[in-house]
Amino acid sequence: MPRRGRKRKKTRTHTVDAENALTTAEESKIPKSLVIRRGKCDPLVADLVQDIRKIMMPYTAANFKEDANNRKLTLNKYCQHVCLPLGISHMLALSQNKERLNFRMAKTPQGPTLTFRVHQFSLSKHVQKLQRRPVNTNTLTASPPIVVTNNFGDSTAPPQIKLMRITFQNLFPAINVANVKLKDCRRVVLFHLVDDEKGNQRVELRHYAIKATPVGVNRKVRRLIQTKIPNLNKVEDIADYIAGTATATTAVDAASDSEPEDGNAVVELAQNYAGRGNRGQSKSALKLVELGPRLSMELIKVEQGLGDGNVMFHAFVHKTPEEAKEIQEKAENKMKAKKQRREEQDRNVERKRKAEEEKREAKRKRKQEREEAALDELRNKEDEKIDIDDSDNDDEDNADIEDLLAEYKGRRGDDDDGDGDDANANEA
């Protein structure tokens with residue numbers, strides 16, 4: 001059917017009030033990340049990228065698709081073309097070659113950049129395949145996870161260890177303890193620094209879901225609270241099932257991953273929490289259920305810029321202060337030469353621009369002069385034509401005047417003769 005009536009006139013205005021402006025200012029401080037893969041990678045690495053994006057949810061591009069033309073770009077160029085227009089604060093890139101898998105974390109737009117070598121990893125589907133009742137992750141990614149850094153030392157730790165800890169914490173938004181809602185704390189990301197058998201330090205990454213189970217009541221009553229209906233075909237009354245005098249089984253009567261192993265994890269909830277029976281001011285048992293993925297990685301290099309700056313730390317290359325100073329001087333000289341070339345290029349461009357403007361201005365002046373000369377020539381021709389016409393008209397006017405004078409004189413002579421005859425007649 002054709003549309004009836006006229007088009008609706010918009011009456012709403014898009015004004016930003018003070019509360020929305022404050023919310024926008026707070027949201028601008030939230031770190032936003034982009035997880036990509038660079039170059040050709042195995043399908044398992046592509047799955048690992050998707051799992052890392054689930055860890056970084058909800059402030060990440062979950063459905064981002066890499067352009068094949070951008071996979072060979074450097075991190076600096078990638079930041080200019082993709083990250084800065086989208087307001088992304090951190091970039092995580094996975095790249096693979098025949099020997100190793102590298103994982104780079106960079107703070108846009110000026111760095112630093114941390115390069116890790118991934119020794120081992122397990123995907124989320126591999127971790128959940130080993131669990132009897134894996135947790136559904138679709139309802140857990142609406143809020144950011146809690147970040148836990150373990151064994152990273154105190155103020156006396158090496159600079160690269162401090163930088164790792166700060167980088168891991170800044171990947172996720174900070175938690176305001178005064179305003180946080182308990183139901184939003186559903187996940188935990190653990191960064192654990194350990195020493196391997198060779199004496200190298202590795203970072204173990206784990207991703208967990210927080211699961212709460214009410215305690216203080218009978219297990220069978222808890223099953224009913226959680227709407228897990230038992231099989232009562234062999235029970236005459238439900239009191240027999242609760243008292244335990246009759247056998248009634250459920251699909252979850254056996255010990256599960258969500259039940260606490262000891263009493264240390266029992267806490268009193270300050271607010272209502274996700275799950276049936278987890279009310280405020282009641283006791284619940286907390287347990288972590290692993291979601292995956294797992295990562296075991298080693299810090300290889302720390303760069304000052306965005307993938308192309310001064311090397312601040314390297315795990316395999318150690319230089320003396322003199323060598324580091326010489327490299328620094330070379331880098332500074334290189335930057336100075338690059339700056340001089342850039343300035344010279346700017347001067348050349350400005351000189352060419354001015355020459356082009358002068359050439360254009362001279363061309364415009366010549367054109368204007370030609371137009372004025374042509375107009376003057378036309379004016380002169382018109383003036384000459386008018387003068388010739390005026391002279392011809394003057395000659396014709398003079399001839400006409402002479403003819404009129406001759407005619408007048410002829411008539412006067414005739415009149416004079418006629419007057420004499422009349423006088424003689426009168427005298428006679």
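## Close-up views of a predicted model

**View 1. Arg-104 and the residues around it.** Arg-104 is found in strand 3, which covers residues 101–107; helices (H or I, at least four residues) and strands (E, at least two) are DSSP runs, numbered from the N terminus. This is a predicted model, where local features need pLDDT of at least 70, side-chain atom pairs count only at pLDDT 80 or more, and totals for chains, interfaces and linings use all residues. Residues are numbered from 1 along each chain as its sequence is written, and side-chain values use heavy atoms, with hydrogens and water left out. At 17% relative accessibility, Arg-104 counts as buried, because buried means under 20% relative accessible area, while exposed is over 50% and partly exposed is in between (1.4 Å probe, protein chains only). Its side chain makes a polar contact with the side chain of Glu-303 at 3.2 Å. A polar contact here is a pair of N or O atoms within 3.5 Å; within protein, one must be able to donate a hydrogen and the other to accept it, and residues adjacent in sequence count only if both atoms are side-chain atoms. Set aside the neighbours within four places in sequence, and Arg-104 is in contact with residues including Arg-38, Leu-75, Met-91, Thr-113, Glu-303 and Gly-307 (contact means heavy atoms within 4.5 Å).

**View 2. Phe-116 against Phe-168.** Rings of Phe, Tyr and Trp (its six-membered ring) pair if their centres lie within 6.5 Å; planes under 30 degrees apart count as stacked, over 60 as edge-to-face and the rest as tilted. By this rule the count comes to three aromatic pairs. In one of them, the ring centres of Phe-116 and Phe-168 sit 6.0 Å apart with the planes at 25 degrees, so this pair is stacked. Phe-116 belongs to strand 4 (residues 113–122) and Phe-168 to helix 5 (residues 159–170), so the pair links distant parts of the chain, 52 residues apart. Both Phe-116 and Phe-168 are buried.

View 3. How buried is Phe-168 in terms of relative accessible area? The value for Phe-168 is 0%. Phe-191, at 3% relative accessibility, counts as buried too. Ring pairs link Phe-116, Phe-152, Phe-168 and Phe-191 into a cluster.

**View 4. The Asp-47 to Lys-125 salt bridge.** A salt bridge is a side-chain nitrogen of Lys or Arg within 4 Å of a carboxyl oxygen of Asp or Glu, and by this rule the count comes to 15. The side chains of Asp-47 and Lys-125 meet in a salt bridge, at 3.6 Å from N to O. Asp-47 lies in helix 2 (residues 43–56) and Lys-125 in helix 4 (residues 124–129), so the pair ties together parts that are 78 residues apart in sequence. Asp-47 counts as partly exposed at 31% relative accessibility, and Lys-125 counts as partly exposed at 47%.

View 5. Arg-100 forms a salt bridge with Glu-99, with the closest N and O atoms 3.2 Å apart. Arg-100 is partly exposed at 28% relative accessibility, whereas Glu-99 counts as exposed at 67%. Glu-290 pairs with Arg-294 in another salt bridge, with the closest N and O atoms 2.6 Å apart. Here Glu-290 counts as buried at 11% relative accessibility, while Arg-294 is partly exposed at 34%. Arg-37, Arg-53 and Glu-66 are linked in a network of salt bridges.

View 6. pLDDT is the predictor's confidence in each residue, from 0 to 100. The protein chain has a mean pLDDT of 80, and 74% of its residues reach 70 or more. Over residues 248–259 the pLDDT stays under 50, and the model has 35 contacts beyond four places in sequence for this stretch. Zooming out, the protein chain has eight helices and 11 strands, and buried residues make up 28% of its 428 residues. Among contacts between residues at least 6 apart in sequence, 64% join residues at least 24 apart.
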